Amino acid sequence: MRGKSFHVSPGRFDGFWARVADGRWEPESFELFDRFVDEQTTVIDFGAWIGPTVLYLAQISAKTLAFEADPEAHALLAQNLSLNAGKTWHDRIEAHHCGIHHSGQPITLGAHKQAGDSMSSVLMQGSDTTWQVPTRTLQDVIGAACGPDEKVFVKMDIEGGEFEMLPHLGPLLNDPRITFYISMHPGILRQSLGEGPGSDQGFRDIIAPIIDVLPFSRRIERLDGHALNEAWLRKALGRGRLPTHDVIIF
């Protein structure tokens with residue numbers, strides 16, 4: 001894939017790994033990785049799932065820290081990493097079974113359908129399958145892993161957890177050495193709010209603090225390269241919409 005190779009144990013995800021192998025799974029994400037990550041970059045990948053991005057990023061970065069809070073997904077991630085133990089880039093990876101949260105305290109996650117399905121979220125605490133996980137703050141992770149002048153690339157894909165976390169990340173979002181690739185999940189947020197009479201206002205109340213904290217002095221784009229500006233985002237929010245599923249800050 002894109003000139004890189006790695007070993008995995010497909011298991012019940014054989015169809016998914018086939019799409020990764022032939023470049024059909026999120027090709028724009030890998031183009032973004034190649035654009036912003038190099039051998040001088042420390043990558044922090046939280047929401048690492050079973051490893052499709054970690055196994056690629058480790059081959060182009062100085063080091064890659066992977067965080068996965070779903071216990072079944074983390075077990076599969078660890079298995080896939082072990083299959084690459086002989087690779088020269090294997091030792092660049094640190095895998096952690098914990099979450100990233102602004103509080104640094106344990107949080108409860110719920111599965112969308114079943115553990116390991118890539119969609120566990122703090123927004124699904126009422127689901128049939130839940131678990132509690134320890135967390136660290138992103139500030140702590142970056143401070144411990146990166147020197148003051150090191151390039152950092154943060155990939156955040158936490159299935160709705162971003163809505164709770166982003167308002168607390170103002171100083172990091174403004175740090176010019178850190179590039180952020182944030183997956184937004186407005187559909188999961190809508191689902192968690194239900195369809196009652198207050199759901200639209202609830203949606204706006206959650207999104208507005210995120211717009212407040214975005215560093216518009218930096219370049220902010222969607223994955224397709226379209227620039228995101230404050231006026232456009234606020235206008236869309238007034239209509240009850242978040243007009244992007246990805247935010248890149250650099």
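Mentor: Keep in mind that this is a predicted model. Let's begin with Trp49, which counts as buried because its relative accessibility is 13%; the cut-off for buried is under 20%.

Trainee: Where does Trp49 sit in the chain?

Mentor: Trp49 belongs to the loop between β1 (41-46) and α3 (54-57). Its backbone deserves a look too: Trp49 is not a glycine, yet it has a positive phi of about 55 degrees.

Trainee: Let's turn to another tryptophan. Is Trp89 buried or exposed?

Mentor: Trp89 is buried, at a relative accessible area of 6%. You will find Trp89 in the loop between α4 (71-82) and β3 (93-96).

Trainee: Which residues does Trp89 touch, if I skip those up to four places away in sequence?

Mentor: Trp89 touches Ser5, Phe6, Leu55, Ala58, Gln59 and Asn84. To get a sense of scale, pick Arg234 as well: 145 residues separate Trp89 and Arg234 along the chain, and their C-alpha atoms are 43 Å apart.

Trainee: Now for empty space. What is the general idea?

Mentor: Rolling a probe the size of a water molecule over the atoms shows where empty space is left.

Trainee: What volume does the largest pocket have here?

Mentor: The largest pocket has a volume of about 540 Å³. Its lining has 35 residues, of which Gly47, Glu68, Asp157, Ile158 and Glu159 are the closest to the centre. Elements that give two or more residues to this lining are α1 (14-21), α2 (27-36), β4 (99-100), β5 (107-110) and β9 (178-183). By class, the lining of the largest pocket divides into 18 nonpolar, 10 polar and seven charged residues.

Trainee: How many cavities of 30 Å³ or more does a search of the whole structure find?

Mentor: The search finds one, and about 90 Å³ of space lies in the largest cavity. Among the residues that line the largest cavity are Leu166, Ile182, Met184, Ile207, Ile211, Leu233 and Thr244. By class, this lining has 11 nonpolar residues, one polar and no charged ones.

Trainee: Which element gives the largest share of that lining?

Mentor: Helix α9 does, with three residues. That brings us to helix packing. The axes of α9 (residues 199-213) and α10 (residues 230-238) come within 10 Å and cross at roughly 175 degrees. That angle is over 145 degrees, so α9 is roughly antiparallel to α10.

Trainee: Which residues meet where α9 and α10 are in contact?

Mentor: From α9, Phe203, Arg204, Ile207, Ala208, Ile211 and Asp212 meet Glu230, Leu233, Arg234, Leu237 and Gly238 of α10. By class, this contact has six nonpolar, one polar and four charged residues. Ile207, Ile211 and Leu233 also line the largest cavity.

Trainee: Which tryptophan lies in helix α10?

Mentor: That is Trp232, which is partly exposed, with a relative accessible area of 29%. Not counting residues up to four places away in sequence, Trp232 touches Arg222, His226 and Pro243. The C-alpha atoms of Trp232 and Pro243 are separated by 8.9 Å, and the two residues are 11 apart along the chain.

Methods: Residues numbered from 1 in each chain as written. Predicted model: local features only at pLDDT ≥ 70, side-chain atom pairs only at ≥ 80, totals over all residues. Heavy atoms only, no water. 1 Å grid on protein atoms, 1.4 Å probe; cavity = no way out; pocket = protein on both sides within 12 Å on 5 of 7 lines; lining within 4 Å. Points joined across faces, edges and corners; volume = space filled by probe spheres on them. Helix = DSSP H or I, 4+ residues; strand = E, 2+ residues; numbered from the N terminus. Nonpolar A, V, L, I, M, F, W, Y, C, P; charged D, E, K, R; others polar. Axes fitted to C-alpha atoms, helices over the stretch in contact; angles between N-to-C directions. Parallel < 35°, antiparallel > 145°, perpendicular 65-115°, else oblique. Contact = heavy atoms within 4.5 Å. Buried < 20%, exposed > 50% of the residue type's maximum accessible area, 1.4 Å probe, protein only.
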